[in-house]
Amino acid sequence: MEKERRDRYLYYEEDEIDLYELWLTLKRRKKTIFGVTGLFTIIAVILCFILPTTYKTETTLIPIGGKSTGGLSSLLSSLPISVPIPTGSESGITVEAVLKSRILRERVIKDLNLLPKLFPDKWDSEKNQWILKDENDRPPTVLDGAKVLDKLISVSTDKKTGVITLSVEFKKDPQLAYDIANAVLKEANKILNEKSFTLARKYRIYIEKQLNIAKEKLQKVEEIYKKFMEGKIKEVPLIFGNADFDKLKEGLQSLQDEKVSKERIEKLKQEVESLKKKLKSLEQVHRRNNYYVSLPEYQLNLQKLQSQMSIAQKLFETLVKEYEMAKAQEMKEQISFQVIDPPYIPDPKKPYKPKKKLIVVVSLVSGLFLGIFVAFFKEWLDNVKKRREEEKSNA
């Protein structure tokens, strides 16, 4: 038992002696430690003055359109603004892809005339021309500018919420960083509108075209009705023909073949077929009267007018309802985004880079640790030399 206590005491005593030796080593090598630490700190301070200032602005946005996930409804309800329900990952990927696309960067460069700002070393601001060293040298192209701008623009998506964060960095000019961020949002919205020609939009455009035709027919029938009641005309022409309804059905069939709202198109085709039958019965009455003169002329024209008015109104009302439904469907499938936090102009007194305090602190700590390592390494080398000298002297 006493032996164990003695061994434990000797262990603690040796440990204390080792720590003390370490302290003596650091004390002896303090010049080395302070020298390395000071060197690192001086280099850090020099870098803080040499490195150009970089400003950064950020904006957050959320995709809209396509299939709704419903997972973001709780997030949006907590926001102090009214935001449409966002899409799922499909449209989120689409918006992110547009923000990262080369065509968007090229458009931003053209809008803001960024090439001289992206390549300031090759631009003569006094003469407003590129500096070319020889005949083989060429000015930067928009494609070259897009590659440089790609390093200044960062896009990231939160997979849980679908929120997209867009950040823009630019050296020495905080206003230009803000302008670039705004231009990116503007051009991204344009590109999405250009590229999102969905089947729903195609169907809406077709229905809108047919609605305009039906509106013209209704207005024409109303004008004839007015003139007929005023006695300005006695013979009422047939405004509608079978060709009108056949053409409308053919257009709907072509859209149905492209898998555009099959159920709604089928229902609309049935409505058109019903109106076509109504027109056919009107034409039969007109033909019978021409052969047998079974109705007075005034009563016949009034009947023709009323039947055509009914057909025109029914067709117009049907197409109006279908047009509203087509617009709603298009809005669901249209890909866009809602800006949650708009970009801001960075404070000129608070650049994003270089972070001077962080650089100095990291350099100071790194220099201190490296200095301690160098001190122990030099102590180890000196001890090795002493042992070898002692071994030679003893030999």
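Residues are numbered from 1 along each chain as its sequence is written, and side-chain values use heavy atoms, with hydrogens and water left out. Because the model is predicted, local features need pLDDT of at least 70 and side-chain atom pairs count only at pLDDT 80 or more, while totals for chains, interfaces and linings use all residues.

Helices (H or I, at least four residues) and strands (E, at least two) are DSSP runs, numbered from the N terminus. Strand 4 is joined to strand 5 (residues 164-171) by five bridges. Val155 has Leu166 of strand 5 as its bridge partner.

Axes here are lines fitted to C-alpha atoms, for helices over the stretch in contact, and angles run from 0 to 180 degrees between N-to-C directions. The axis of helix 7 comes within 9 Å of that of helix 5 (residues 102-112), and the two cross at roughly 105°. The two helices are therefore roughly perpendicular, a term that covers 65 to 115 degrees. Residues in contact (heavy atoms within 4.5 Å) include Arg105, Val108 and Ile109 of helix 5 and Leu143, Ala146 and Leu149 of helix 7. The contact of helix 5 with helix 7 divides into six nonpolar residues, one polar and five charged; Ala, Val, Leu, Ile, Met, Phe, Trp, Tyr, Cys and Pro count as nonpolar, Asp, Glu, Lys and Arg as charged, and the others, Gly among them, as polar.

Helix 5 has Leu104, Arg105, Glu106, Val108 and Ile109 buried, that is, under 20% relative accessible area with a 1.4 Å probe and protein chains only. At its start, a side-chain oxygen of Ser101 is within 3.4 Å of the backbone nitrogen of Leu104. After helix 5 comes Asn113, with a positive phi near 50°.

Thr59 belongs to strand 1 (residues 54-64). Thr59 is buried, its relative accessible area being 1%. A polar atom of the Thr59 side chain lies 2.5 Å from the backbone oxygen of Asp341. Leaving aside neighbours within four places in sequence, the residues in contact with Thr59 include Ile164, Leu166, Val339 and Pro342.

Notes. Pairing = 2+ DSSP bridges. Parallel < 35°, antiparallel > 145°, perpendicular 65-115°, else oblique. Buried < 20%, exposed > 50% of the residue type's maximum accessible area, 1.4 Å probe, protein only. Polar contact = N/O pair within 3.5 Å; in protein donor to acceptor, adjacent residues only side chain to side chain.
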